[in-house]
Amino acid sequence: MESNLCFSQNLGFRTVEHLDSTLRPLLYTKRRHFNRVLVLASSAQTVGGVSVNPVYKPTPPNRELRTPHSGYHFDGSTRRFFEGWYFRVSIPARKQSFCIIYSVENPAFKKKLSSLEVAQHGPRFTGVGVQILGANDKYMCHYSEESSNFWGSRHELMLGNTFRADKGSQPPTKEVPPQEFNRRVSEGFQVTPLWHQGCIHDDGRTNFAETVKSARWEYSTRPVYGWGNVGSKQNSTAGWLAAFPIFEPHWQICMAGGLSTGWIEWDGERFEFQDAPSYSEKNWGGAFPRKWFWVQCNVFEGATGEVALTAGGGLRQLPVLDSFENAAMIGIHYDGILYEFVPWNGVVSWEISQWGYWYFAAENPTHMVELKATAKYPGTTLRAPTSEAGLAPACKDTCFGELTLQLWERRYDGTKGKMILDVTSDMAALEVGGGPWFNTWKAKTATPELLRRTLNVPVDVDSLFGFVPFFKPPGL
């Protein structure tokens, strides 16, 4: 089945990659922002002589910094559907990151389809997957075709799954205290905006990357940025039309920046951290874009405040118009303000190579931005939900990207004015996916004028459904 995929073979999705030994963990003391971090330098149990014990707090209702689309979007129908969640913790003192990725596919079917169901609904791939891109860009994956033990909150960033329950215990169906989770779940996970824990083993399916046998983690998170100005109502990353299943897949940054405290056990080593920069986002819809690119970073040098960057784009289908569009955006949080560059408020252009080079330039009526990122190591192949093969090798990532970011005020004549940010990083997460990628992709956003005008209409979908909560779509 893999031979039928549209993913470009020149991205090397079948290659086993090894990270150069010069990137093995090193202690260093450079001052970095989003970086009040104490981290373990070996496999001992303490940080600075004191064990790190994350403090669990239940998720409160109507929490501050909650973004739209935090919840689980599955509507119970049998249409093709996936939802995926991405959580990243960066550890500047070790120059290492951990990216934990969850996905659920076609949850209307709790297990592999029968022959009758295939005849009725067409071929579908089912199940729940966990992937981790961890220290030294090593990888692990655990996947099950069954989703009967998966749960997700309809309107909050809360989800979990039990792959294997303790003997005599029932799998949780909602957030539970960590001690109860540990008693009931032998292998699985639960995650909320404030808490994240789990334990999985690699399932042995991966022959294209250097893998790790097992991982365990338990950490708390204090959100700093959602997606919008601090102290203001948070925004939908893709605009208000994301409330409707039209321009899929949809994308929401749930937490552009936060500070996490706890521990992760990986490849026989325990990493403990305090106030480590963290991030979360999600996608949902029928399938991933035809091809895409992405950059994310929370660890910078050269600023005098907390900086969080997310940039990405892709080639996605417009079902109503039966065509494809180039869509891209850049979002920068700095000192409590979101600087947003999206197709409906300006123009975003890019130049992305098959691997190793990412360049963006964008402007809106008030600001201008440029960012450049490079990868000098081969990266690691990851899986993504696909309509052709389910959770399959589809993209390549690294957390060792080198990046420069510059942000200016925009003068009345369209030229660069006062510089707001000029920062660098060597811990950027970089990704390319899908395909085909025959050569460098150079393009800019080309949103149809009618769609641009529609997205600029100031519609507060969340408030509108507040008057008729019964009709509020799942996930919103």
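Here is a tour of side-chain contacts, with something to select at each stop.

First, the ground rules. This is a predicted model, so local features need pLDDT of at least 70 and side-chain atom pairs count only at pLDDT 80 or more, while totals for chains, interfaces and linings use all residues. Residues are numbered from 1 along each chain as its sequence is written, and side-chain values use heavy atoms, with hydrogens and water left out.

**Salt bridges**

A search of the whole structure turns up 15 salt bridges (a side-chain nitrogen of Lys or Arg within 4 Å of a carboxyl oxygen of Asp or Glu).

Select glutamate 187 and arginine 164: their closest N and O atoms are 3.9 Å apart. Glutamate 187 sits in strand β8 (residues 185–191) and arginine 164 in strand β7 (residues 159–165), so this bridge ties together parts that are 23 residues apart in sequence. (Strands are DSSP runs of E with at least two residues, helices are runs of H or I with at least four, and both are numbered from the N terminus.) Glutamate 187 is buried at 6% relative accessible area, whereas arginine 164 is partly exposed at 44%. Buried means under 20% relative accessible area, exposed over 50%, and partly exposed in between, using a 1.4 Å probe and protein chains only.

Next, pick glutamate 180 and arginine 184, with closest N and O atoms 2.4 Å apart. Both are in helix α2 (residues 178–184), four residues apart, or about one turn of the helix.

Now go to arginine 270 and glutamate 265, bridged at 2.8 Å, N to O. Arginine 270 is buried at 12%; glutamate 265 is partly exposed at 23%.

**Rings**

There are 22 aromatic pairs (ring centres of Phe, Tyr or the six-membered ring of Trp within 6.5 Å; planes under 30 degrees apart are stacked, over 60 edge-to-face, the rest tilted).

Show tyrosine 86 and tyrosine 279: the centres are 6.2 Å apart and the planes at 75°, so the pair is edge-to-face. Tyrosine 86 belongs to strand β2 (residues 82–91) and tyrosine 279 to strand β12 (residues 269–285), 193 residues apart. Both tyrosine 86 and tyrosine 279 are buried.

For a cluster, select Tyr72, Phe74, Phe81, Trp85 and Phe150, which ring pairs link together.

Last stop: lysine 282 lies over the face of tryptophan 284, 5.7 Å from the ring centre (NZ of Lys or CZ of Arg within 6 Å of the centre and within 35 degrees of the ring normal).
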